[in-house]
Amino acid sequence: MKLKEIELRRIHIPLVRPFRTSFSTQTSREVLLVKVTNENGTVGWSECVAMSEPLYSPEYVAGCQDMMKRFLIPALRDKLDLTAEDVPIILKPFLGWQMTKAALETAVLDAQLRDRNVSLATYLGATKSKVACGVSVGIANNLTELAEEVKSYVDAGYRRIKLKIQPGWDIEAVKTIRELYPKIALQVDANQAYSRSDSGRLGKLDQFDLLLIEQPLDEHDILGHALLAKEIKTPVCLDESITSLRSAEDALELKATSVINIKPGRVGGYIESVKIHNLCVGRNIPVWCGGMLETGIGRAANLALAALPGFILPGDTSASSRYFKKDITMPFIMEDGYLNVPTGAGIGVTPDMDYLNEITIDKEVI
Ligand code: SMG
Ligand code: MG
């Protein structure tokens, strides 16, 4: 295809409840949306998963927008026969910026698949029509509030609970929830909040039969994760550390991770995500689909990915109502703990333009 127009739009959308992690408290989401239009007039949408501030990863919304305008869009704009598969190759010389690149690749892919009338799920190799939902629970003010919040999700039917932890909010929080729900699938996510010397403390989590502990140490501390994995029984699962197929392969080889959280934004797109999935399937490593508080645009695409056969653990792919009073697409509604995988062409959803315009804080057309 030839790109005719690229629209970059920033929206601001409130969350239904604050989301506190070891690195920030989010009360709303600022999201950079990409809309491409090709020579046929076909439109492709995507969402850049970077946060407003570079706290989860080095990328941040305003930086991503600048990066797109300054370097990435000019590199793509003049191509005559651009395909989504070309995008990562063309953008490779520009180092880093996986989330930014992923957003451009996905918008091009959406338009490409709409032109061919193929769903993203089919394109990626999905084998499921619905996916089991997990939910990520932020750090609460106290254990009573944590128990209340978890109860609301268990009652809603979520099939896996993930608790955010940090030093001082870990053993007691997990103990509380495990005692209330002796059988529920439970895991924790530290977002790099611990250090190598915390293996004793983290070992205390072994008694709670957790599915995994996500990213306990610094994103660059692969050796530290490998050492920790030998000390504790709970499986270590890397999130922030895995930014490419290569880094996934290295971490597996070094035994720093025995489960992988695949987030398409973090690894540079859906095409790279499938490669990581395939690597893991070949090595009997379970994977699951992470979340970045996406709107319906990103959620639709994540559900397509989570429908691949290697995604055997429930992901952070929760219903729209877990995040927003009103989503920018048709809401994703959970039924019996599952979300349906969109079947329409491309990502299978489009935004409600009236609502989108209402919450737009910046729009530029290139
Ligand atoms: O999308 O439900 C969601 C959030 C899942 O916990 C989640 N994401 O480290 O896995 C993670 C975090 C990253 C975003 S925190 C603002
Ligand atoms: Mg995580």
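## Magnesium site

The donor residues of the magnesium ion (ligand 2) follow the spacing D-x24-E-x24-D in sequence. Asp189 (OD), Glu214 (OE) and Asp239 (OD) coordinate the ion, at 2.1 to 2.3 Å. Donors here are N, O and S atoms within 2.8 Å of the metal (3.2 Å for Na, K and Ca); water is not among the atoms, so sites may look incomplete. This is a predicted model: local features need pLDDT of at least 70, side-chain atom pairs count only at pLDDT 80 or more, and totals for chains, interfaces and linings use all residues.

Asp189 sits in strand β7 (residues 186-189), and Asp239 in the loop between β9 (236-238) and α9 (245-253), so the pair ties together parts that are 50 residues apart in sequence. Helices (H or I, at least four residues) and strands (E, at least two) are DSSP runs, numbered from the N terminus. Asp189 has 1% relative accessibility and counts as buried. Asp239 is buried too, at 0%. Buried means under 20% relative accessible area, exposed over 50%, and partly exposed in between (1.4 Å probe, protein chains only).

## Packing of α1 and α3

Helix α1 (residues 61-77) packs on helix α3 (residues 98-116) at an angle of about 50°, and their axes are 10 Å apart. Axes are lines fitted to C-alpha atoms, for helices over the stretch in contact; angles run from 0 to 180 degrees between N-to-C directions. The two helices are therefore oblique to each other. Under 35 degrees counts as roughly parallel, over 145 as roughly antiparallel, 65 to 115 as roughly perpendicular, and the rest as oblique. The crossing is right-handed, meaning that the near helix is turned clockwise from the far one by less than a right angle.

From α1, the contact (heavy atoms within 4.5 Å) takes in Cys64, Met67, Met68, Leu72, Ile73 and Leu76; from α3, Thr100, Lys101, Ala103 and Leu104. By class, eight of these residues are nonpolar, one is polar and one is charged. Ala, Val, Leu, Ile, Met, Phe, Trp, Tyr, Cys and Pro count as nonpolar, Asp, Glu, Lys and Arg as charged, and the others, Gly among them, as polar.

## Positive phi

Most residues other than glycine have a negative phi. Asp209 has a positive value, near 50°. Asp209 belongs to the loop between α7 (199-203) and β8 (213-214), and is exposed at 60% relative accessible area.

Leu293 also has a positive phi, near 55°. Its loop runs between β11 (287-289) and α12 (296-306). Leu293 is buried, at 7%.

## Conventions

Residues are numbered from 1 along each chain as its sequence is written, chains are lettered from A and ligands numbered from 1 in the order in which they are written, and side-chain values use heavy atoms, with hydrogens and water left out.
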